[in-house]
Amino acid sequence: QLSCLVKMVTLDGIPKDLDSYPKELLLFLSPSDYAGTGSCVQYVASVGQANLDVLQKESPQRKQLLLEALACLRIPGTQVNEENAEILGGLVCDLGGESIRSSGGHLLKQLAQCGSLLPEQEEAIRSVLSSGNTTFGPPETWSALTLNELSGLIPVLDRSILQKIPE
């Protein structure tokens, strides 16, 4: 339905008021389509706020959206800083394990919001949290407040991490 709606809305070109439409429409456009109404960074931020589950996880469309977003933000490798993580929003849920590892704790806030994670992503999250090189520190220092902040990632924690958390 959204795909059809995009075709109807863009029959006479990209409307100048594109931002007034549901953000999910942007999932069916590219940053170059959006260029007339704003920058690619605005496009990525809007896509990051959209319900990405409209597209199947690991679908070619979602992979392409992530590639375009990384190109727009000029992220050449796998390391994503905190500012770019905020802009990417929900697109962080599609980053691979290597990006999660090399970005340290910068992605944890967004990853906690992901509906589902791949095993590779879960392993990378465990690796980052176990390292202690995040704002949360090592699991041995976590409190109830820390666990509250990590609530979306608790299902990812394994026995080796859980055993280190003080009672």
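A disulfide is defined here as a pair of cysteine sulfur atoms within 2.5 Å. In general terms, a disulfide is a covalent bond between the sulfur atoms of two cysteines. The structure examined is a predicted model, in which local features require pLDDT of at least 70 and side-chain atom pairs count only at pLDDT 80 or more, whereas totals for chains, interfaces and linings use all residues. Residues are numbered from 1 along each chain as its sequence is written, and side-chain values use heavy atoms, with hydrogens and water left out.

By the distance rule, two disulfides are found. When the bonded cysteines of the protein chain are numbered in sequence order, their pairing is 1-2, 3-4. Helices are DSSP runs of H or I with at least four residues, strands are runs of E with at least two, and both are numbered from the N terminus.

Ser39 is located in the loop between α2 (31-34) and α3. With a relative accessible area of 35%, Ser39 is partly exposed. The C-alpha atoms of Ser39 and Cys72 are separated by 9.2 Å, although the two residues are 33 residues apart along the chain.

The other disulfide is formed by Cys93 and Cys114, with their sulfur atoms 1.9 Å apart. Here the torsion about the S-S bond is about -95°, so the disulfide is left-handed. Cys93 lies in the loop between α5 and α6 (97-102), and Cys114 in the loop between α7 and α8 (119-131), so the pair ties together parts that are 21 residues apart in sequence. Both Cys93 and Cys114 are buried.

The protein chain as a whole contains ten helices and zero strands. Of its 167 residues, 44% count as buried. Contacts (heavy atoms within 4.5 Å) were also examined by sequence separation. Among contacts in the protein chain with a separation of 6 or more, 48% are between residues 24 or more positions apart. The chain exposes about 9200 Å², of which carbon and sulfur atoms supply 51%; accessible areas come from the Shrake-Rupley method with a 1.4 Å probe, and for residues only the protein chains shown count as cover.

The space within the model was examined on a 1 Å grid over the protein atoms alone, where a pocket is an open set of points with protein on both sides within 12 Å along at least five of seven lines, and lining residues have an atom within 4 Å of a point. Grid points are joined across faces, edges and corners, and a volume is the space filled by probe spheres set on the points. The largest pocket holds about 340 Å³ of space. Its lining consists of 20 residues, and Gly105, His106, Leu108, Lys109 and Thr135 lie nearest the centre of the pocket. Helices α5 (82-88) and α7 (108-111) each supply at least two lining residues, and the largest share, three residues, comes from α7. By class, the lining comprises five nonpolar, eleven polar and four charged residues. In this scheme Ala, Val, Leu, Ile, Met, Phe, Trp, Tyr, Cys and Pro count as nonpolar, Asp, Glu, Lys and Arg as charged, and the others, Gly among them, as polar.

Thr134 lies in the loop between α8 and α9 (144-149). With a relative accessibility of 13%, Thr134 counts as buried. Leaving aside residues up to four places away in sequence, Thr134 touches Gly105, Leu108 and Val128.

Backbone torsions were also considered. Most residues other than glycine have a negative phi. Glu58, which is not a glycine, has a positive phi of about 70°. Glu58 is found in the loop between α3 and α4 and, at 46% relative accessibility, counts as partly exposed. Arg74, likewise a residue other than glycine, has a positive phi near 55°. Arg74 lies in the loop between α4 and α5 and counts as exposed, at 73% relative accessibility.

Key:
1 Å grid on protein atoms, 1.4 Å probe; cavity = no way out; pocket = protein on both sides within 12 Å on 5 of 7 lines; lining within 4 Å. Buried < 20%, exposed > 50% of the residue type's maximum accessible area, 1.4 Å probe, protein only.
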